[in-house]
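I open these notes to record what I looked up, entry by entry, and I keep each entry to what the coordinates give.

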Amino acid sequence: MDREPGLSVRLKLTLSYAGFLMIAGVLLLTAVWVFLLRYVPNRATLISRDDNSTHSVFPVRSALLDVFAPRAAAVLAFLLVFGLVGGWILAGRMLAPLTRITHATRTAANGSLSHRIRLPGRKDEFRELADAFDAMLVRLEAHVAEQRRFAANASHELRTPLAVSKALLDMARADPTHDTGEVIDRLHTVNTRAIGLVEALLLLSRADQRSFTREQVDLSLLAEEATETLLPLAEKRGVTLETSGGITPTIGSQALLLQLTTNLVHNAIVHNLPEQGTVRVHTGVRPAAVVLTVENTGEKLTPQLVSTLTEPFRRGTERIHADQAGVGLGLAIVKTITQAHDGTLTLAPRPAGGIRVTVELPTSPEPS
């Protein structure tokens with residue numbers, strides 16, 4: 001990119017070095033004149049007491065000035081040249097890291113996020129800037145890769161209900177005598193699932209942008225509301241819901257935190273034992289955080305599988321689309337909402353089977 005007309009930073013630094021060096025030289029010569037030459041008399045009279053004494057020359061101010069001025073001018077000229085050349089070299093060496101950082105910035109702006117500065121040398125301000133820029137590139141590259149993967153998965157998930165709808169409509173058009181009620185019911189199911197997927201994507205985007213109003217929230221009340229809402233689903237599947245804990249005050253969006261709690265309880269119910277399963281919901285307070293823990297019974301899961309469950313469109317079991325199976329964004333939404341509230345999300349498999357999910361959020365004083 002071409003620079004606008006004007007002095008470059010290197011040239012400005014060079015002129016600054018040379019200027020300060022010239023000022024120091026002038027001050028030094030002035031000090032010599034003020035503190036030394038002013039004590040030399042301007043006139044001197046030599047008196048000889050006898051004719052045999054040798055005559056000597058006594059220096060006077062005018063004579064010393066005639067000798068001192070040309071040398072001082074030569075020294076100042078040397079300091080000027082030395083300051084310009086030395087300043088140019090020093091400025092180039094000092095600004096070399098900025099050149100590497102600028103090159104990395106332009107490379108990243110062109111879409112290549114894999115480039116790293118890796119500035120060598122001691123830990124100075126330029127090194128800290130380069131390391132911070134490298135760390136930013138690492139996070140940005142991971143975020144872009146995640147967004148691309150998410151877009152591809154979302155396109156795939158949205159294409160499925162659209163393809164099914166098109167197939168049902170083609171079948172109804174090809175066979176007018178076919179039972180339209182069955183086609184309508186199936187279209188309704190597919191359309192409901194597509195709407196749920198779009199709403200989940202919008203919720204995920206809203207939480208990721210942190211475009212919500214923060215207020216005092218009690219997680220224990222949200223846990224009770226979520227369990228009451230999902231109690232019919234738990235009874236239908238033969239799952240027992242257990243809640244415990246006290247007041248857990250935090251600050252955030254009540255709607256988003258309710259969605260977080262509902263997603264965790266819903267996943268714990270759906271991905272459970274075929275019968276006589278259990279879901280335990282507990283809220284508690286730690287010195288600097290409030291904790292929401294949801295654990296369930298179920299199949300034994302490996303730590304490697306559990307670590308991938310927060311990725312969009314990943315499920316703990318096979319990718320089925322049965323009733324209440326979800327759209328594969330439940331834990332991804334939980335993760336995004338937790339991060340938007342400056343919290344941490346931890347998933348761990350239970351030795352007896354199932355999973356334990358822990359959400360830690362910053363605590364806040366209880367409302368008066």
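Before the first entry I note that helices are DSSP runs of H or I with at least four residues, numbered from the N terminus. I also note that the model is a predicted one.

Entry one, a helix pair. I recall that two packed helices are described by the angle between their axes and the distance between the axes. I looked up helix α7, residues 254-270, against helix α9, residues 330-340, and found that they pack at an angle of about 145 degrees with their axes 9 Å apart. The crossing in which α7 passes α9 is left-handed. On the α7 side I listed Leu256, Leu257, Gln259, Leu260, Asn263, Leu264 and Asn267 as making the contact, and on the α9 side Gly330, Leu331, Ile333, Val334, Ile337 and Thr338. Sorted by class, this contact of α7 with α9 holds eight nonpolar and five polar residues, and no charged ones.

Entry two, one residue of that contact. Is Asn263 buried or exposed? I placed Asn263 in helix α7, and I count Asn263 as buried because its relative accessibility is 11%, where the cut-off for buried is under 20%. Leaving aside residues up to four places away in sequence, I found that Asn263 touches Gly330, Ile333 and Val334, which are among the α9 residues that make the helix contact.

I looked up Gln276, which is not a glycine, and its phi is positive, near 55 degrees. Gln276 sits in the loop between α7 and β4, the latter spanning 277-285, and with a relative accessible area of 71% Gln276 is exposed. I then turned to Asp342, where phi is again positive, at about 60 degrees, in a residue that is not a glycine. The loop that holds Asp342 runs between α9 and β6, a strand covering 344-349.

How many aromatic pairs does the structure hold? I found one, and this pair is formed by Phe78 and Phe82, which are stacked with 5.9 Å centre to centre and 20 degrees between the planes. Both Phe78 and Phe82 lie in helix α2, residues 61-109, where they are four residues apart, about one turn of the helix. I also checked the accessibility of Phe78, and at 55% relative accessibility Phe78 counts as exposed, since the cut-off for exposed is over 50%.

Terms used
Residues are numbered from 1 along each chain as its sequence is written. This is a predicted model: local features need pLDDT of at least 70, side-chain atom pairs count only at pLDDT 80 or more; totals for chains, interfaces and linings use all residues. Side-chain values use heavy atoms; hydrogens and water are left out. Axes are lines fitted to C-alpha atoms, for helices over the stretch in contact, and angles run from 0 to 180 degrees between N-to-C directions. Helices (H or I, at least four residues) and strands (E, at least two) are DSSP runs, numbered from the N terminus. A crossing is left-handed if the near helix is turned anticlockwise from the far one by less than a right angle, and right-handed if clockwise. Contact means heavy atoms within 4.5 Å. Ala, Val, Leu, Ile, Met, Phe, Trp, Tyr, Cys and Pro count as nonpolar, Asp, Glu, Lys and Arg as charged, and the others, Gly among them, as polar. Buried means under 20% relative accessible area, exposed over 50%, partly exposed in between (1.4 Å probe, protein chains only). Rings of Phe, Tyr and Trp (its six-membered ring) pair if their centres lie within 6.5 Å; planes under 30 degrees apart count as stacked, over 60 as edge-to-face and the rest as tilted.
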